[in-house]
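Please look through the sequence and the structure shown here before reading on. The briefing that follows takes up the contact between the chains, then each chain in turn.

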Amino acid sequence: MEKELWKGNEAIAEAAIRAGCDCFFGYPITPQSEVPEYMSAHLPKAGGVFVQSESEVAAINMVYGAAGSGKRAMTSSSSPGVSLKQEGITYLAGAEVPAVIINCMRGGPGLGTIQPSQGDYFQATRGGGNGDYRTLVLAPSNVQETVDFVQEAFDIADQYRNPVMVVCDGLIGQMMEPIEWHPVPKRKLPPKDWATSGKYGRDHTNVINSLYMAPEDCDQHNVHLDEKYAEIAKNETRWEEVDCDGAEIIITAYGTPARIALTALETLRSAGLKVGLFRPITLWPFPEKALHDLAGNPHVKAFLDVEMSSSGQMLDDVRLSVEGQKPISYLGHAGGVMPTVEEMVQSAKKALKEVK
Amino acid sequence: MKKEIIISGFGGQGGLAIGKNLAEAGMAEGLNVTWAPSYGPEMRGGTANCSVVLSDKPVGSPVFAHPTELIAMNAPSLEKFEAGVQSGGIVFVNSDVVTDRVSRPDLTAYYIPCSKIAEEVGNPKVGNMVMLGAYVAATEILKPETIEVMIREMFTGAKAKLVPLNIEAFRRGMACVE
């Protein structure tokens, strides 16, 4: 298959169109503005609807409405804009409406910077909105994966009637890389018989709502959601292990730092170190058991978690998974500064030295 | 083989386009490539740069502190990035704009009068193609034919008349280092 050079953000938009996205609602913000820009030019030609909303809050509520009617809907933004969408995301989760949300992360907190960051891990995996809910979070680490995951995200959302987030960062959004438009596996999806798309002779009216008047009913709804989240965790947890067999030090990283780590791995290997990479691909569900089991191997001496976050966010999940079996050190930068290969190499050497 | 190239200059000098051309040509020759731009407020009237990796193996980090080659289209770029270039690396300097010389003795320097040649060819905008030619000739990792095919595909329809001009600029750039 022929390779094409695509910019991450434009590839995200094209992937969504290829996945049958019917509606896109968004508001420009660096570093993801090429997503709405591309959508505005190409989605209407593909028969879809593009609206540049008056705000991020409006965009996510338009998604709620369009997706509630059974259409495939997406919105994209970057960190401060995704904060504004949190109310809508918890409504989507509560009402079990499928949708795809892209977060091309930049430095924070607040308006922060426009450079790449991963400071929204907690927001994405813990639920930035209120209530007990989960969004499945896919974290690609190159443009090809981004394209594949965005297409798959629509199917995953429809299968579980749940919002799915694809989180990347400003670097993946802005960079260009060769990709192939290979076919992405299509899932067998349930009919959207819950959608508010017209009664058409049905004996009841579909209602989409996240409000319960009786606490017992809301409790039961939460039980149902929990069962669904357990099913998602069972079926959809993904990760990648690179050279972990026999490795003494394991770098844990996702997205851009995981890719920078691949270069660090080469340097460390040529210096004679036994080093591996454990890369969560779904941030929620986190590949807890796989990491726990890896930590239990006698050959593994230590972990080094690397993130574009000041003191570590995924680090919490790494600790919860490793459960104290091995020491974990941390390397990270926030605000748009990326950890370098040289820093990773030094930190890995130091972490290993401390346990030997 | 792995080339890690930083191309840096004022917005409008075509530095980012040099990078895209290198990435496109690398991809056409079956290499693994990445192109990562700096982006931010500095692009308005200031210096913009991009990082390009051309490799026969899958690309890990698309960003790096120590390029194998630096293309400096303006003086701030040379000042900012010269210190980081790998020992034995090459620096290409746009000598019509940059009066400074490369100070490190362990680097090979090429001084390319991009603007002067571009004007001789007939269009000041093709200075970046002159620099691209110099890079291709000095590093020999991409075939000149690949670039020329790409130029023909880049300018079609009403813009097809720009093809000879760009190819001429590219060849004059090559001649600067041969």
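**Briefing on a predicted two-chain model**

In this predicted model, 17 residues of chain B are in contact with 20 residues of chain A, where contact requires that the C-beta atoms of two residues, placed from the backbone, lie within 7 Å. Residues are numbered from 1 along each chain as its sequence is written, and chains are lettered from A in the order in which they are written. Because the model is predicted, local features need pLDDT of at least 70 and side-chain atom pairs count only at pLDDT 80 or more, while totals for chains, interfaces and linings use all residues.

**Where the chains meet**

- On the side of chain B that touches chain A, the elements giving two or more residues are α1 (15-28) and β2 (32-37) of chain B, and the largest share, 5 residues, comes from β2(B).
- That side of chain B divides into 11 nonpolar, 4 polar and 2 charged residues, with Ala, Val, Leu, Ile, Met, Phe, Trp, Tyr, Cys and Pro counted as nonpolar, Asp, Glu, Lys and Arg as charged, and the others, Gly among them, as polar.

**Chain A**

- Chain A has 13 helices and 14 strands, which are DSSP runs numbered from the N terminus (helices H or I, at least four residues; strands E, at least two).
- Its radius of gyration, taken over C-alpha atoms, is 21 Å, which agrees with the value near 21 Å for a compact globule of 356 residues, the rule being 2.2 Å times the number of residues to the power 0.38.
- An open sheet of 5 strands in chain A has the order β9-β11-β10-β13-β14 with mixed pairing, two strands being paired if DSSP finds at least two bridges between them.
- The edge strands of this sheet are β9 (239-242) and β14 (328-332) of chain A, each of which pairs on one side only.
- Strand β13 (residues 302-307) of chain A pairs with β14(A) in the parallel sense over 5 bridges, and Phe303(A) stands opposite Ile328(A) in β14(A).
- Helix α13 (residues 341-355) of chain A packs on the sheet, touching β10 (249-252), β11 (275-280), β13 and β14 of chain A.

**Chain B**

- Chain B contains 6 helices and 6 strands, and from the N terminus on its elements run β-α-β-β-β-α-β-β-α-α-α-α.
- The radius of gyration of chain B is 15 Å, close to the 16 Å that the globule rule gives for 178 residues, so chain B is as compact as a globular protein of that length.
- Along its principal axes, the C-alpha trace of chain B spans about 40 × 40 × 35 Å.

How values were computed. Axes are lines fitted to C-alpha atoms, for helices over the stretch in contact, and angles run from 0 to 180 degrees between N-to-C directions.
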